[in-house]
Amino acid sequence: MVSLFFKLGLADQLYLMLLLIALVILVVKYDKIPYNLKPLIWLTASHFTAEIFADYINYELHQNNLFIYHLLTPIEYLCLSLIFFKTFASKSLSLLVLWSILTYFLFVVICELMWEPIEVNNSIAFIAECLLVVYWCFVYFKKLLQQEDDYRPEHDRTFWVIISILIYFTGNLFILGTFNYFVEYKLAMGPQIYYTGYAFYYIFYLVVIATHTLNYFRDYDYRSG
Amino acid sequence: MTTDRVDDILVVLVTGSIALLTMVVFGAGFIIYYHRRRQQNVSEKKAIIEQFKREILQSQIEIQNQTLQQVGRELHDHIGQLLSVAMLHLNGLDEELEQSEHRHAIEQTINVVRTTIQDVRALSKTLDSDTVRRFGLRQSLALELERIERTGRFRTYLHVAGTPYPLGEEAETILFRMTQESLNNAIKHSGGQAIMVTTSYQSDHFELIITDDGKGFDVNEVSTRTANTVGSGLRNLQQRARLLGGTCTISSEPGQQTRVDIVLPKQAAV
């Protein structure tokens, strides 16, 4: 495990360290994590596990590790939709999020069978995931505008986590979504495009770490609407 | 460190900075927009509540005016009429019993009924808002003070400063009712002997001051009383002044005179 870590590139090393720190913080502070953000633990854990396995397969076994991401994408969407499901106070909206999970899983299976076998990058499934997540983010922001009383978004943990999710998926929509194209037609640019994506991973996990360690952030009960 | 590694880090750094900046700009933009929108909502809600209050007050004033007008007309047409008939009978009786020992008592009764007729007429005039419309605020105030003076309990003074200008029918009626309320308060609670009403027609505002030389009261204590007690009368005065776009300040202290100061900006008044 340690030898694998030193074989990795700096970007991967940094990412793994951030994932580990975030995971430890989330596990230690589990009781203090707001109800709607608890699925973040599963998201971080799945990212961490996927990254370890993907790096092991790539650096130790020197084999194609893309099938890991085929598994990760639906799990990632499941965790994210659970965050939105728990955040939305509206019953109909929550139900819509639940239905989107089933629909998305079905779509991923169709993609696997028809267009994106496990040995190639799952760009289409990932684009669909990004679009869905970005949509839920904007639904969340729209709902926030209807909040009344003394709600202050700048102090809200969920607000910043959702913004970082939005940035993460908007950025990766273009990076991982076009990855297949670059691998096929402009291979030289592939690694650079791939590394660009790391910036979004770092920002996301830095925000997760910051929002769960700094006292500046508060929790709002989204269930009460 | 190889050149490739440096390049990768550079790419991550540049992209990270741009992404972070985008996130901060988006977050800050949303927060600013949210607060602005919230502020706007609060202002709109306030305006709606204010408008609602104004409408309620407006209808209260209209209802009060109509009721007073009705009472005034009833007094003039019915009670006044009956008193006039009683007066006629008394006069007839006075002539018939010219030599009677009861003549003195009849003459006294005639005087009482005559005074009552005058009082009822004066009262009916002050209750009728048409009086304000017909004669204007100054004249109506003079009539009202004259009526109070006739009771013999108070000396009254009306002082007009500046050149009078019209304040508008509605404003004048409301001002007249506010004065009546203040005068009634003075009569009922002040225990004083003199009431002074001053109207001041300034170029930019109109001021109406009602003062008495009574025992005064603790304004703060009275203002905090519940709605169904005296405190509501003072609040009512202030609400009416606000309805006209002006202010009403009540200043008093126990043992000192009471002063009700109503100020209306000229544009709001006209």
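Start with chain B and colour it by domain: domain 1 covers 7-38, domain 2 covers 62-127 and domain 3 covers 153-270, with bounds that come from an automatic or database domain assignment. The C-alpha centres of domain 1 and domain 3 of chain B are 59 Å apart. A quick word on what you're looking at: this is a predicted model, where local features need pLDDT of at least 70, side-chain atom pairs count only at pLDDT 80 or more, and totals for chains, interfaces and linings use all residues. Residues are numbered from 1 along each chain as its sequence is written, chains are lettered from A and ligands numbered from 1 in the order in which they are written, and side-chain values use heavy atoms, leaving out hydrogens and water.

Next, select S59(B). Its side chain reaches the backbone oxygen of I56(B) at 3.0 Å.

Hop over to chain A and show residues 66-87 and 123-144, helices α4 and α6 (helices are DSSP runs of H or I, at least four residues, numbered from the N terminus). Their axes, lines fitted to C-alpha atoms over the stretch in contact, sit 11 Å apart at an angle of about 10 degrees. The two are therefore roughly parallel, a label for angles under 35 degrees.

Last stop: H62(A), in the loop between α3 (39-60) and α4 of chain A. What is its phi? H62(A) has a positive value of about 55 degrees, although it is not a glycine.

Notes: Axes fitted to C-alpha atoms, helices over the stretch in contact; angles between N-to-C directions. Parallel < 35°, antiparallel > 145°, perpendicular 65-115°, else oblique. Polar contact = N/O pair within 3.5 Å; in protein donor to acceptor, adjacent residues only side chain to side chain.
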